[in-house]
Amino acid sequence: MLSGRQPLMETSDNNATTGSPAPTSSARRSGRVSKAPNKFTPDAPVASKRKRNSDNDEDDDDRDNDDAENEAPDDEDDNNNASDDDDDGSETAAEEPRRAKKKKKTPSSSSAKPRKPATKKPKTNGDVPGHDQIVGHLPSRPKKAVRLAITRPTDVGLYADIFASGDSSDKVATEWYHKYQADDAAAVTELVNCILLSAGCDQQVTPDDIRDPENCSNRLADLQNVYTEEGITEYPLVAKSKTTRSFRDLLVGFFKSLLTVLHETDMLYKDTALMENIARWVASMSSSTLRPFRHTATTVALAMEAGLVEIAKKLDDRVSKMTQQLDAEKKRKGKNRERLAVIEKNLKEAEENQSICQAQILDFFDTVFLQRYRDVDARIRCECVEALGGWIWNLPTQFETPEYLRYLGWMLTDAMPQTRLESLKQVTRLFKRDAEKLGHFIDRFRPRLVEMATKDADVGVRVAAIHAIHILKDTGMLEPDEIDSIGRLIFDSELRVRRAVIDFFAGCVDDLIEGKVEEMGGSDVIDEVLGEEDDDDYSSPRRDWISVKCLAELLAAYDAQLEEEGSTAPPRGLDIAVGMVQAVAPETRISLASQVLYEKIDQVKNWEILSGYLLHDHTTSTKSKSRSKASRSNSNEAAFKAAVAPEGNEEAIILEILASAVKLGLSPNTEDGHRRKARTDAADTAEESAIHLATNIPRLLNKFGADEKTAVMVLRLEHSLPLDIFQQLRQDSTTFSRLLDEICTQFDRHVDRGVLAEATAALLHARKHDELQEITDSKIADLWEIVINALRHFDKNNELSVRGNMDPATITGLGNILLKMSKLASIANPTEFLEGGDQPAIELLIKIVHRGKLDVVDETLDDLEDEAVSSAVSSVQFYFLWKVRALIGSVQSRADIPRDDILKLNSLRQDYSRNLIWTLSSRGTNDELRLFSTGGLCDLHICFATLRTAVGQQGSQGAASPKSYSDLDVLLEPIRADLITELIEIFDAAERAYAKCLRRRLNEPAEDEEPVEEELSDDEGGEEEEDMTPVERRGKELRLERALCELAGKYVLCILAKMLDQGGRLRKRMLRNQSKLGGNLKEVVAYLDEGRLREKVERYTNKGRKVAKGVRKGGAAAAAAANKGGSGSGGGHQGGKKLSEEIVVDGEDDSELSEVELELEEDPIEEEAEEGGEEDLRRRGLAEEEVIDEGGEEGEGERMEEDSVIGD
């Protein structure tokens, strides 16, 4: 088989040299000779034979890989091939399919062998009838040349040689040169046709077209019209394929090699008509209105320009060497005139060649680059920028001038990010080599570079601009304000930007350190003052403190600059009290910067240095030393201490850096890549670090606990403390006890919400470990005693249920006590403390909730009163949650529940519910407390609804007595029906407020619904929003959207738990505008649409949720298991109900829904089967899912979900 290919290879070479395919193609297209197809038929297998011969030494596996890799170019060329005969006569067009069929049916060896690659079944988007597909093969990992599978039966000659022969670009260029020597017109025709084929055009030019240069534009216009009529949308340079880049590389590489061959053979200088003819066709195509022509020709022109630049560089070197030789020869005493004449002749010839080459370079630059660098196509502009950067890099003597550099600067303002990015890449490369020589360019475009680094919309562009500016900083070509602008990016919200600028920022810190060292007298003076440093002694002065001081100083300066520019203050007051925003911001500027500082600066990674610096007393007076004899060492020591002493808010900044560094260094969730290897090598090192941190936190609280801001930062250190160390080291329990004492002291001392939130989180973290829970609970009990005594003191002096009977200071104090109670209630079970005493504290809290009833507006007291009430609501809500949890535990353990306890709890529930209703009903507008009280009312009923599920599960198991828990029915009272109208009004107001902010019009109410009280106006509220910044407006939108979605979520949970809206009015109202106000509200309200909910459940079930051990087709077994699980219910009304079904939709997080169990119970009184109730779900075979949720763990459910996805 291999022996039969070589003659065909030779035939192909002969045909390619003596008979160009261009005339043949022209004859077939004109229709002058009916035998034209017979001439052309042998050429198709020839091209295939050449390609197969070039690949015959590759493995079959490589060929298979190449088929899949190159399928997209095949598709592109096949599509082009389908329309390559549009200009033919009808007879030729009709003959083409018959020719193709003959090729398929001919049993001859010449046609049978090329068809064997088709057995590999290459993937194509579609085949054109009547055309063979000959798939080219490439080695999967080529080492030298890359070939593309783009050959077709009609692809022969130069195009096939470049992309299918497997030969190098130099060899193909040399072969073309030999063809040119044999027949110049045919060779140039083949070259132009190759460019046309590269543009996806099957039409060709003839040698007559080449000999008529004046008709070049007209001929290209004809080809363009035919190409446009074919409707081709893709061409090889932009085809979506893995080989697109290789196609471009091969195309560019050939034309560079062609220029090299013409230079080495002097044809570039002797036959100037050749380059003029090629340049005319290429330049004309590059100005075409058809993008495939324009793009391909521009790529070719830029490649030829690059080749000419490389040649010009060689000629410059040759002229320089010859000039040196000539000068040296002239200086010799005994001049050799013959040698001198030869050198002068060669020098003159080289200079003439140089001038010709430069003229051609300028010609391509003027005719192609100047027109295409501002092309409408971003790809073309990007290639122009890339090419210009290469020219400047390779030939700086000609191109590294302001005349050419300005184009790189102009492209920095391009509209497309990829063009700006490419321009930055080229500029950065030039800066690294010749920044000192580009002073004029840098001065002109440096402001634009700074602007791109700080304000560009694309993160990748910003990162590239930062790298370019960093080079300018190292060369000292940045202004101080520009350095500050880039340095402030250490606070940027984008992690990629912060990581890109960290080297720049670290350089700024090093410059500051260098200047401070010089101020103190140099390194020798510092060494004399510090002496030998002990690596483990972090409390004594050390050289690292200079770095810490400079780091804090620079961060403080940049932070102050950002504050001067203006920034929104963190929200405080009632917004935080009602949970509209987080009380403690998760990230700040300093914490964002610390994430990357930890990776780069050693003093930050070694956080013991920071703690030692903070604990040192920098305010020590030097008077005692001044009384002794003045010595040089004392003065130097005093100068060192003064230089490293923190100023202003630098200590607060270092504290925040310390908190972030400890979190990154000690947190168990931290990747080992950020952790010091010394800390992970031995377990004792981790223990020492934990003990060291636990010892330092109380000391830091003693020093910085008085200020709220610094206290917050120190308390955050406890969150990262690995408390399991104290479980292992029993002797260090005193250390942990001292730590808790300081935390509780901060909780008792401060009223700042941030401090209380951090202290609460610290106590929660301490209770996670069983060994430390007892000591933590004892500290929490002490705090409960303090706040309850304070609350009783307020009760003795004031009536807690009456609003407006306290002065601002008193109501503020009451609000602080209630806030602390709400925080403590969230840590551990507070029922023991709230139910103790003659008058339990829970009753006092419920009385305080009544203060939310608004009778008379008082602007000076209303906000303070509402804050106090909101804290009381939170405390009472936690109380009921803990009580319900205890009741569920009793039900699950089958313990008896005293009836008196149930009646007492129900009395508290009724009083609390009544006071909430007073609060929300007395307010005419949706203020924060009205929304919070409405949500609290819903949460109260949702909480008690979970008891129904617990009782039902016990009854289904047949183990618990129904009589034991019948008293719990009094706690399952739904929300009163007469409140539906008011709840709808609250929802209406929240919905209208959000719609007004978005300037959207809501749907009109249905005929059976109440009319809208307030018409929505597009101009309403416009005056208020005109004064708002975009950030403030966006913040308002988010707050209103969150308030609406939270309210809707509460309603949905209540409705699904059958604690609200038995008549369906609220459900219908909520569904009215579900698709008008964004996707968040739509998804929340979607749970009310039972039809859609059934579809989701059905779709989820059909995905293959496995029963028990994950058997995919186990529907019958699941149904049997469900029936078995429900058999214990019996037929009684209380204990005999079917199991409540927990609906899990599409793998969404049901952590919130699981609290209510989303029970869809069968009620004999209400006929809801037709609306998709439980009966309808049971008919569809969905009832067995309760058994899955009941018997399996959460992790198993997730595994079953993954199995179902994989199974699909």
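**A helical protein at a glance**

In this protein, 76% of the contacts with a separation of 6 or more are between residues 24 or more positions apart. Keep in mind that you are looking at a predicted model.

**The whole protein**
- Of the 1208 residues in the protein, 52% are buried.
- The accessible surface comes to about 56,300 Å², and carbon and sulfur atoms account for 47% of that surface.

**A pair of helices**
- Two packed helices are described by the angle between their axes and the distance between the axes.
- Find helix α35 (residues 650-666) and helix α38 (residues 708-719): their axes come within 9 Å and cross at roughly 15°.
- Because angles under 35 degrees count as roughly parallel, α35 is roughly parallel to α38.
- The crossing of α35 and α38 is left-handed.
- On the α35 side, the contact is made by Ala652, Leu655, Glu656, Leu658, Ala659 and Val662; α38 brings Thr710, Met713, Val714, Arg716 and Leu717.
- Sorted by type, the residues of this contact are 8 nonpolar, 1 polar and 2 charged.

**Two loop residues with positive phi**
- Arg894 lies in the loop between α46 (862-892) and α47 (899-921). Its phi is near 60°, a positive value in a residue other than glycine.
- Arg999 sits in the loop between α49 (980-998) and α50 (1022-1026). Although Arg999 is not a glycine, its phi is positive, at about 55°.
- Arg999 counts as partly exposed because its relative accessibility is 42%.

Conventions:
Residues numbered from 1 in each chain as written. Predicted model: local features only at pLDDT ≥ 70, side-chain atom pairs only at ≥ 80, totals over all residues. Heavy atoms only, no water. Axes fitted to C-alpha atoms, helices over the stretch in contact; angles between N-to-C directions. Helix = DSSP H or I, 4+ residues; strand = E, 2+ residues; numbered from the N terminus. Parallel < 35°, antiparallel > 145°, perpendicular 65-115°, else oblique. Left-handed = near helix turned anticlockwise from the far one by under 90°. Contact = heavy atoms within 4.5 Å. Nonpolar A, V, L, I, M, F, W, Y, C, P; charged D, E, K, R; others polar. Buried < 20%, exposed > 50% of the residue type's maximum accessible area, 1.4 Å probe, protein only. Areas by Shrake-Rupley, 256 points an atom, 1.4 Å probe, with all protein chains shown as cover.
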